[in-house]
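Thanks for coming. I will walk through one model today, so please have it open on your screens.

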Amino acid sequence: MNKKKNILLSLLLCGLAVSCKKAENRESPSKSSPQIITKEQQDKLTGEEVLKDFMEGNKRFREGTVTVRNHTKRTRTLVNGQFPKAVVISCSDNRVPVEDIFDQGLGDIFVESVAGNFVDEDVLGSTEYACAVAGAKLIMVMGHQHCGVVKAAIDNVRFGNITATLYRIRPAVNISLSFTGMKNSRNNEFVKFVSENNVRIALSEIRKKSPILKEMEDNGKIKIVGTLYSPADGILQLVK
Ligand SMILES: [Zn+2]
């Protein structure tokens with residue numbers, strides 16, 4: 001009888017332990033969360049590896065299998081320093097959540113958001129800091145489809161300070177006039193074409209106006225790529 005009781009008690013305790021373990025996993029996702037990378041780990045990364053990591057993360061984002069992270073814990077840890085894997089120059093459009101798109105966490109990406117994802121002196125300064133000081137290995141200029149700023153530039157909108165912002169996008173519109181088809185903001189294919197050219201201009205500006213970043217690229221210390229994100233399906237395509 002005592003033996004039976006002991007077995008029953010053991011089974012109960014065992015079951016309780018499993019239940020507690022399951023509850024712990026649910027409430028503390030940090031236990032399975034990827035850790036923030038250290039400087040030593042960042043030093044070993046290459047731009048090509050980071051790009052591959054981001055593309056795999058984008059696949060998880062599209063499939064709805066993103067990683068659960070403990071943001072509170074990561075924020076506390078990051079107080080000690082930042083070692084981003086990449087700098088992403090993206091549009092500030094709220095349909096373009098940069099970390100989510102690549103299934104990355106706090107501390108992984110040095111995000112520079114500006115409406116129209118153009119490159120000016122301020123963005124160049126931030127990018128040089130991200131790569132030459134903070135150690136990022138990849139620069140990605142990421143445009144997106146259905147961009148309101150690009151559409152406004154196509155329509156030649158003039159309104160307050162937005163006029164100056166749109167002036168930065170006009171060169172992309174001007175080099176897109178070879179497009180075959182309707183060249184207006186209602187034609188999504190034309191808007192996409194202009195957005196791709198806008199990314200190409202940003203890549204060119206980085207290489208032309210930042211000798212620091214150009215030298216880092218030439219020496220293989222960083223990789224520079226352009227992409228176009230589709231908010232409709234989460235797909236990211238390379239812009240060459
Ligand atoms: Zn946009």
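Donors, as I use the word, are N, O and S atoms within 2.8 Å of the metal, or 3.2 Å for Na, K and Ca; water is not among the atoms, so sites may look incomplete. What spacing do the donors of the zinc ion follow along the chain? The pattern is C-x52-H-x2-C. The residues behind it are Cys91 through SG, His144 through NE2 and Cys147 through SG, at 2.1 to 2.3 Å from the zinc ion.

Some ground rules. This is a predicted model, in which local features need pLDDT of at least 70 and side-chain atom pairs count only at pLDDT 80 or more, while totals for chains, interfaces and linings use all residues. Residues are numbered from 1 along each chain as its sequence is written, and side-chain values use heavy atoms, with hydrogens and water left out.

Now, confidence. pLDDT is the predictor's confidence in each residue, from 0 to 100. The protein averages 88, and 86% of the residues score at least 70. Residues 7–31 stay under 50, and the model has 5 contacts for them beyond four places in sequence; a contact means heavy atoms within 4.5 Å.

Next, the overall make-up. There are 11 helices and 5 strands, taken as DSSP runs: helices are H or I with at least four residues, strands are E with at least two, and both are numbered from the N terminus. Of the 240 residues, 41% are buried. Buried means under 20% relative accessible area, exposed over 50%, and partly exposed in between, with a 1.4 Å probe and protein chains only.

Ser230 lies in the loop between β4 (223–229) and β5 (236–239). Is Ser230 buried or exposed? Its relative accessibility is 8%, so Ser230 counts as buried. Leaving out residues up to four places away in sequence, Ser230 touches Gln145 and Ile235.

Last, helix α11, residues 211–218. Its buried residues are Leu213, Met216 and Glu217. They sit on the same side of α11 because they cover an arc of only 100° around the axis, the arc being that of the directions from the helix axis to the C-beta atoms. Pro211, Glu215 and Asp218 are exposed on the other side. The cover over the buried residues includes α6 (121–133), β3 (138–144), α10 (188–209) and β4. After α11 comes Gly220, with a positive phi near 75°.
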